[in-house]
Amino acid sequence: GVFTQKKMMINIITQAILLLVSVVSLNAQVNGGMFRYGTVSWVRTQQNPPIIRFTVEAAFRRSYGSVDFKGSGQDGMLIYGDKFRPSGYETILFDFGDSRILTPMLFQVVAYSVVEDWVQAVSVFDHQYPLITALTWWKPEENGAFLRTSFRGCCRASELLGGNADTSWSLVSVVNLLQDYSSPRLSTLPIVTLRKRALATDLDPSFYVVADDNYPSDNSTSFMPAMPASWSLTADIGGPG
């Protein structure tokens, strides 16, 4: 009867959903992770209402088997200048910290390596936050003066150790709309090769991460003070403390 037909239809839909989930899971396992590393920096371009220009620099596995990672290279993969909107096992997005998000994100390739299998890309975008008022200064935490932004998605590179392989990533940057005008900007290569210690008494291998204050020097933002606030690395991550 009608009940039997409805039951059969539900079973068919359920099986189709399970098949789709299985295909997606298998695709993720076959492709593996593609995210190698990323950094988030920002600079204020308007005082009030505040407009923040975010820059996300990220490196991905070049051979990742997704149509979104196809480019103009002779091998069909991404090369310098190509634009793409990366997708993964989870939605790749930027969370502005005010209940609004950006997805999909548009990136442009600025460097790549066929041998090491990576592409380095940049995404730049502006976001306007609500007007800063006396109430914001009076109760800053309750009125959105300190915002926790994040760049997140899945999945991280499959060869990572320590239980990090094929897991989700989340890069967090805190924006202080009351006092800060820019954040530090860090950058490095997607893969850094270090020589092993020859002797047990040798120092541990190390490398430098390039950093700058990310402060505009072209007078394009006249509302900023003449000198930026100083910053330094804390002792627990290699700084002087």
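Strand 4 (residues 90–95) runs antiparallel to strand 5, and two bridges join them. Here Asp95 stands opposite Ile101 of strand 5. Strand 4 is also joined to strand 8 (residues 146–154), by four bridges, again antiparallel. Phe94 has Phe151 in strand 8 as its bridge partner. Strand 8 and strand 9 run antiparallel too, with nine bridges between them.

| Strands joined | Bridges |
|---|---|
| strand 4 and strand 5 | two bridges |
| strand 4 and strand 8 | four bridges |
| strand 8 and strand 9 | nine bridges |

**The chain as a whole**

The chain holds two helices and 11 strands. Along the sequence they follow the pattern α-β-β-β-β-β-β-β-α-β-β-β-β. Of its 241 residues, 34% count as buried. Among contacts with a separation of 6 or more, 62% come from residues 24 or more positions apart.

**Around Ala58**

Ala58 belongs to strand 2 (residues 51–61). Is Ala58 buried or exposed? Ala58 is buried: its relative accessible area is 0%, and the cut-off for buried is under 20%. Beyond four places in sequence, Ala58 is in contact with Phe35, Tyr37, Gly38, Phe107, Val119, Gln120, Ala121 and Phe151. Ala121 is 63 residues from Ala58 in sequence, yet the C-alpha atoms are 5.5 Å apart in space. Phe151, also on that contact list, is the strand 8 bridge partner of Phe94.

**Aromatic residues**

The whole structure contains 17 aromatic pairs. Phe60 and Phe69 form one that is edge-to-face, at 5.7 Å centre to centre and 75° between the planes. Both of these residues are buried. Phe69 also pairs with Phe84; this pair is tilted, at 5.5 Å centre to centre with 50° between the planes. Which parts of the chain does the pair of Phe69 and Phe84 tie together? Phe69 lies in the loop between strand 2 and strand 3 (83–84), and Phe84 lies in strand 3, so the pair ties together parts 15 residues apart in sequence. Phe84 is buried, as is Phe69.

These residues belong to one aromatic cluster, formed by Phe35, Phe60, Tyr64, Phe69, Phe84, Phe107, Phe151 and Trp169. Phe35, Phe107 and Phe151 are among the contacts of Ala58.

The charged end of Arg44 sits over the ring of Tyr181, 5.5 Å from the ring centre.

**Confidence**

The average pLDDT of the chain is 79, and 76% of the residues score at least 70. Where pLDDT is low, predicted coordinates should not be read in detail.

Definitions and conventions: Residues are numbered from 1 along each chain as its sequence is written. This is a predicted model: local features need pLDDT of at least 70, side-chain atom pairs count only at pLDDT 80 or more; totals for chains, interfaces and linings use all residues. Side-chain values use heavy atoms; hydrogens and water are left out. Buried means under 20% relative accessible area, exposed over 50%, partly exposed in between (1.4 Å probe, protein chains only). Contact means heavy atoms within 4.5 Å. Two strands pair if DSSP finds at least two bridges between them. pLDDT is the predictor's confidence in each residue, from 0 to 100. Rings of Phe, Tyr and Trp (its six-membered ring) pair if their centres lie within 6.5 Å; planes under 30 degrees apart count as stacked, over 60 as edge-to-face and the rest as tilted. A charge sits over a ring if NZ of Lys or CZ of Arg is within 6 Å of the ring centre and within 35 degrees of the ring normal.
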